[in-house]
Amino acid sequence: MAYLSTTNFLDDEAYLDRWQYTLRTGELDLSWMNAATERIACRPQSPRRGLTFRDLDVGSYGFSAMPEIIRDNRSFAPRGAAMPDGLPDAQADVNLKSEVWAYNVEGYYEEAMSRQWNATTDIAWAELAEIELPEAIGKAYAQLLTFLTEVEMIATDVPAKWLGRLNADFFEVKNFIATQAMDEARHAEVFRKRALTTGYGLMCASPHNENNLKFLRDGDSFAEVSLGLHLQAEGMVLTLFRFSEFISPTDADKKLFRLVMQDEARHVGYGMQHLKWVLDHFPEKRDAIHRYLDEAENFVFGAGYCAEVTEPFIILAGKGLAQEHIAEGIRITQRFQLKQIEEYFERLAKCGLPERRERSKLARARELMQAALDTPAAG
Amino acid sequence: MDGRAGMPTLPSHRAFGIGWRPRQISRGRLSSMTAISFPSEAFFRELQRLMGEHRDRFRALGYFDVTFGVHVTSDRPGEPEGRFLLGFDVFDCVRAESVSGFGADVDFVLEGRLAVWREMLENIARRGAADVEHSINTLTHFGDALRVRYDDPDGHDKLYRFAESIQEFFNLAGQVQVAFAGRERPVRASTGV
């Protein structure tokens with residue numbers, strides 16, 4: 001136990017006397033009724049949509065007026081509540097709005113809540129059970145699913161790790177991060193379930209991938225973690241999910257990837273809007289962001305382009321192991337990997353970091369892939 | 001689908017034995033349906049109407065907040081083409097109209113030749129929903145069949161944030177008798193036969 005009470009309440013005569021007096025006499029304290037808080041009655045602006053966080057953005061309860069540094073609330077008190085003496089210092093690690101805030105974070109939360117799906121019942125598992133995939137396809141798919149399960153397990157842990165470390169005033173961000181943890185847990189679930197229905201089970205864990213995941217998990221600040229996870233890693237994973245839908249062998253698998261890509265795109269949206277917020281309000285952080293991305297891109301290239309990740313894509317895209325299938329699979333996979341990098345740079349440019357394209361070592365990977373695609377195949 | 005550059009020859013779902021069940025349209029309903037031409041505002045308004053009939057399904061998928069364009073291009077003189085604006089808000093399609101151009105309020109535009117759109121809609125008509133080779137994501141992925149035009153990557157990503165809702169919207173075409181220019185008979189909506 002790291003935290004102990006300074007009072008033994010069942011031995012505290014004053015506490016016990018007051019409690020018993022109230023129950024015995026009916027004389028209530030009622031001082032809490034005079035809480036010096038704003039009296040408001042929020043209403044839904046769109047009855048069709050329901051009551052959203054945006055409807056609650058009013059006065060001291062709102063998020064628009066929140067300052068950059070949260071000095072007043074060091075406790076667990078919900079934003080806008082009266083804070084009497086005696087509240088503990090919760091010692092939140094993150095108390096700067098620029099570390100967490102994103103344009104439209106309240107909208108992303110509401111969208112997340114309304115678009116939750118169920119990995120147990122929303123996939124046609126009974127139909128998939130009747131499908132026998134050819135061995136090479138089945139093993140390649142199982143390896144891809146193993147990789148994706150690994151990724152999503154850590155994508156669950158990372159937001160969950162930071163959730164309790166954010167100041168309580170970042171209510172909307174905390175709620176959004178909670179939905180991300182739930183989304184990622186569902187992704188890990190659906191990928192594990194699909195792997196165990198292929199007939200091949202799980203395949204190999206990936207050292208390269210796990211080292212990248214450890215880099216993300218062990219980020220020094222929420223800002224770093226958000227940049228690495230939401231924008232960079234999930235941006236590339238979003239393109240990967242879209243490619244996976246493209247190469248999926250069945251209708252049910254395509255639906256599976258459409259459902260996961262919905263969640264992923266939402267997380268990427270938060271990451272983009274967070275980076276925009278930071279660069280709009282604190283442009284001096286630009287160099288630090290570049291230095292972080294230098295290392296993050298190093299890790300992601302090692303993870304995303306290693307054999308146990310690239311080869312399953314080649315087999316799935318080319319539809320087999322015969323030489324002509326592999327050649328076609330390589331060509332298609334290169335186009336996908338090129339797209340991943342292009343869309344990553346495109347997002348960064350839109351967020352206010354257009355110079356990343358010139359600085360990044362991924363530009364070299366892009367050049368190599370483009371050159372390979374532009375070279376006519378032998379024979 | 002063979003012969004489109006960049007598109008692998010994907011095996012039919014039947015190769016993997018999946019039993020897909022198209023939506024059933026009664027013979028009585030079928031005989032009363034009037035063929036709707038594609039591309040046309042009437043076609044998309046019919047999808048809008050059908051989305052209202054299936055509101056529970058779209059409500060279960062969640063908030064659907066996007067505005068996108070459909071641009072049907074022609075590559076032969078006399079072939080119909082068109083630009084259509086589709087707006088979605090909360091759980092409803094609130095706009096389905098023909099436009100002369102796309103403005104800044106559009107998140108993205110799905111653009112492609114009439115032949116591609118027709119093949120997709122004919123596939124949906126046969127099966128009641130797009131198969132593995134004709135989903136919106138498949139057709140747009142490398143931009144070889146359908147292209148996704150956008151100014152803002154955030155708008156582009158809405159194609160993926162609402163992927164299942166958008167796919168289900170186009171799948172509603174399986175309940176429409178569609179007439180394509182140059183075809184003597186309309187493509188019948190799926191009857192499950």
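Reader: Quick check before I start: two strands pair here if DSSP finds at least two bridges between them. With that in hand, which residue stands opposite B:Val109 in β6(B)?

Author: That's B:Arg149. Keep in mind that this is a predicted model.

Reader: OK, zoom out. What's the strand order in that sheet?

Author: In chain B the order is β4-β3-β2-β5-β6, an open sheet of 5 strands with mixed pairing. β4 (92–98) and β6 (146–149) of chain B each have a single partner strand, so each is left with one side that has no neighbour in the sheet. From one strand to the next, the twist averages 20°.

Reader: Mixed how? What's the pairing sense of β2(B) with β5(B)?

Author: Parallel, over 6 bridges. On the other hand, β2(B) pairs with β3(B) in the antiparallel sense, over 7 bridges.

Reader: How many residues sit between β3(B) and β4(B) in the hairpin?

Author: 2 residues. B:Val90 is in that turn, and its phi is positive, about 60°.

Reader: Switching to helices. Which strands does α4 of chain B lie across?

Author: β2 (66–73), β5 and β6 of chain B. Helix α4 spans residues 114–127, and it runs at about 95° to β5(B). Helix α6 of chain B, residues 153–161, also packs on the sheet and touches β2, β5 and β6 of chain B. The direction of α6(B) makes about 70° with that of β5(B).

Reader: I've got B:Val66 selected. Where is B:Val66?

Author: B:Val66 is in strand β2 of chain B.

Reader: Why does B:Val66 count as partly exposed?

Author: There are 19 other C-beta atoms within 10 Å of B:Val66, and a residue is buried only if 20 or more lie within that distance, so B:Val66 stays in the partly exposed class.

Reader: What is B:Val66 in contact with, leaving aside its neighbours within four places in sequence?

Author: B:Phe88, B:Asp107, B:Lys158 and B:Phe162. B:Phe162 is 96 residues away from B:Val66 in sequence, with the two C-alpha atoms 8.0 Å apart.

Reader: New topic, the interface. How many residues of chain B are in contact with chain A?

Author: 29 residues of chain B, against 38 of chain A. On the chain B side, α5 (136–140), α6 and α7 (163–171) each supply at least two residues. The most come from α6(B), with 5 residues.

Reader: What's the breakdown of that chain B side by class?

Author: 13 nonpolar, 10 polar and 6 charged residues.

Reader: And the largest nonpolar core, which members touch the most others?

Author: A:Leu316, B:Leu86 and B:Ala173, in a core of 138 residues. Helix α8 of chain A, residues 222–247, gives the most to this core, with 15 residues. As for A:Leu316, beyond its neighbours within four places in sequence, its contacts are A:Ile137, A:Ala140, A:Tyr141, A:Leu144 and A:Ile247.

Reader: How much of chain B counts as buried?

Author: 47% of its 193 residues. Looking at contacts in chain B with a separation of 6 or more, 70% are between residues 24 or more positions apart.

Reader: Confidence, then. What's the mean pLDDT of chain B?

Author: 83, and 77% of the residues in chain B reach 70 or more. Residues 1–22 of chain B stay under 50, and for that stretch the model has 43 contacts beyond four places in sequence.

Reader: And what ipTM does the complex get?

Author: The predictor gives an ipTM of 0.93, alongside a pTM of 0.90.

Definitions and conventions. Residues are numbered from 1 along each chain as its sequence is written. Chains are lettered from A and ligands numbered from 1 in the order in which they are written. This is a predicted model: local features need pLDDT of at least 70, side-chain atom pairs count only at pLDDT 80 or more; totals for chains, interfaces and linings use all residues. Helices (H or I, at least four residues) and strands (E, at least two) are DSSP runs, numbered from the N terminus. Axes are lines fitted to C-alpha atoms, for helices over the stretch in contact, and angles run from 0 to 180 degrees between N-to-C directions. Two residues are in contact if their C-beta atoms, placed from the backbone, lie within 7 Å. Ala, Val, Leu, Ile, Met, Phe, Trp, Tyr, Cys and Pro count as nonpolar, Asp, Glu, Lys and Arg as charged, and the others, Gly among them, as polar. pLDDT is the predictor's confidence in each residue, from 0 to 100. A residue is buried if 20 or more other C-beta atoms lie within 10 Å of its own, exposed if 12 or fewer, and partly exposed in between; C-beta atoms are placed from the backbone. A nonpolar core is a set of buried Ala, Val, Leu, Ile, Met, Phe, Trp, Tyr and Cys residues joined through C-beta atoms within 7 Å.
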